[in-house]
Amino acid sequence: MFACTTLIESDLSKFVDWTLVDTTAYEKNRSGFSRLVSGISRILKVMYYLCFRDIEVVMAFSSKGMSFIEKGIMIRIAKVFGKRTIIAPRSGLLIDNFDNSNFYRNQANRIFSSSDVILCQGRYWKEYFIKILNAEEEKCVVLNNWIDVESYKDSTFHSSTGDLKVLFLSRIEKNKGIYDLVKIIKESEKGFEFIIAGEGSELGQLKIDIGLACPDKKVTFTGWISGKEKRKVLDVADMLLMLSYREGLPNVILEAMASKTAVISTKVGAVEDVIENEGNGLLVEPGDTEGMIKGMYRYQENEQLRRSHTDISYSRVVEEFSTNNAISVFKKCLEIG
């Protein structure tokens, strides 16, 4: 949703007339039948546009599971109509689909065969699609996530004189490492204040577990935040913890880099395309809570290291992950001269 919105609002719209099909799942806990009906209606809408509008390219952004299948059907139909097709898978949980299901692997092969361009969120995903799903290398285009870096130009390094503020900003779901977060809060010594921003199915249990295990720790729950509220939290945070077990390439890491907030992350998805361990951040294996805590202590004890990492990250996000860079890649994919 973020990727699509930023594209529509960018200068790419000077060259493209968009026909939008909104596939956002606004309602939670819908029945399988309701999801099926919604999916079929969207596919029929795409077919209508292909029949009655002057469509040249069909570009589909997908999440995991049936989102990937639905967008794949749209891509395959568009190819029957002779259109240029671009598929952009954007969920780390797709790995579970592909690794555990012949159905999803077979569907991926068909979808990729019908795609002129496969947008990969990093080198990791390009290598995975080629090696595991037999995607054609010449179709795979690496395009890391992007943000409007211009809006972060006034960000400054946060030099803290008190407790360091540690931010966790994500969906509150098990695969995001939230129960590792409980252990980290419990086992960290004094000198840290934790900010947990997000909502999700595990939020209630997370609050209970932290209340029981960490009654003496400074923990603030903000709920889901976006826009200016998110910017404020990133501006006051000293470091971001990314604890996920599965990711594509989380935008929040780019936002932290642009905000000059230090990053400690697990090595998942395309994170290593953005964060170099000991270069502009700290990386650990998923589930390595001890490594996360050691990273927190390092940044606590060595402000110069934290400042150095954030300066390098800021320069890198400006140079490599701006919306303008994304527009250049998209213009090539869309064959805009």
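Biologist: What makes β9 and β10 paired strands in this predicted model?

Modeller: Three bridges join β9, residues 262-266, to β10. Pairing requires at least two bridges. So β9 and β10 count as paired. They run parallel.

Biologist: Which residue of β10 is the bridge partner of Ile264?

Modeller: The partner is Leu282.

Biologist: What sheet do these strands belong to?

Modeller: An open sheet of six strands, in the order β7-β6-β5-β8-β9-β10, with parallel pairing. Its edge strands are β7 (218-223) and β10 (282-284), and each pairs on one side only. Neighbouring strands are turned by 20 degrees against each other on average, direction ignored.

Biologist: How do you know that helix α7 packs on the sheet?

Modeller: Contact means heavy atoms within 4.5 Å. Helix α7, residues 178-187, touches β5, β6, β7 and β8. Its direction makes about 160 degrees with that of β6.

Biologist: Why are β1 and β4 called edge strands?

Modeller: Four strands form another open sheet, in the order β1-β2-β3-β4. β1 (57-62) and β4 (140-142) each have a single partner strand, so one side of each is left without a neighbour in the sheet.

Biologist: How do you know that β1 pairs with β2?

Modeller: Six bridges link β1 to β2, residues 84-89, in the parallel sense. The cut-off is at least two, so they pair. Within β2, Thr85 is the bridge partner of Val58.

Biologist: What makes Leu36, Ile40, Leu44 and Met47 a patch?

Modeller: Nonpolar side chains are joined within 5 Å, and each residue needs over 30% relative accessible area. These four form such a surface patch, with about 360 Å² of accessible area together. Leu44 lies in helix α2, residues 32-52.

Key: Residues numbered from 1 in each chain as written. Predicted model: local features only at pLDDT ≥ 70, side-chain atom pairs only at ≥ 80, totals over all residues. Heavy atoms only, no water. Axes fitted to C-alpha atoms, helices over the stretch in contact; angles between N-to-C directions. Patch = residues over 30% accessible without salt bridge, like charges linked within 9 Å, V, L, I, M, F, W, Y side chains within 5 Å. Areas by Shrake-Rupley, 256 points an atom, 1.4 Å probe, with all protein chains shown as cover. Salt bridge = Lys/Arg side-chain N within 4 Å of Asp/Glu carboxyl O.
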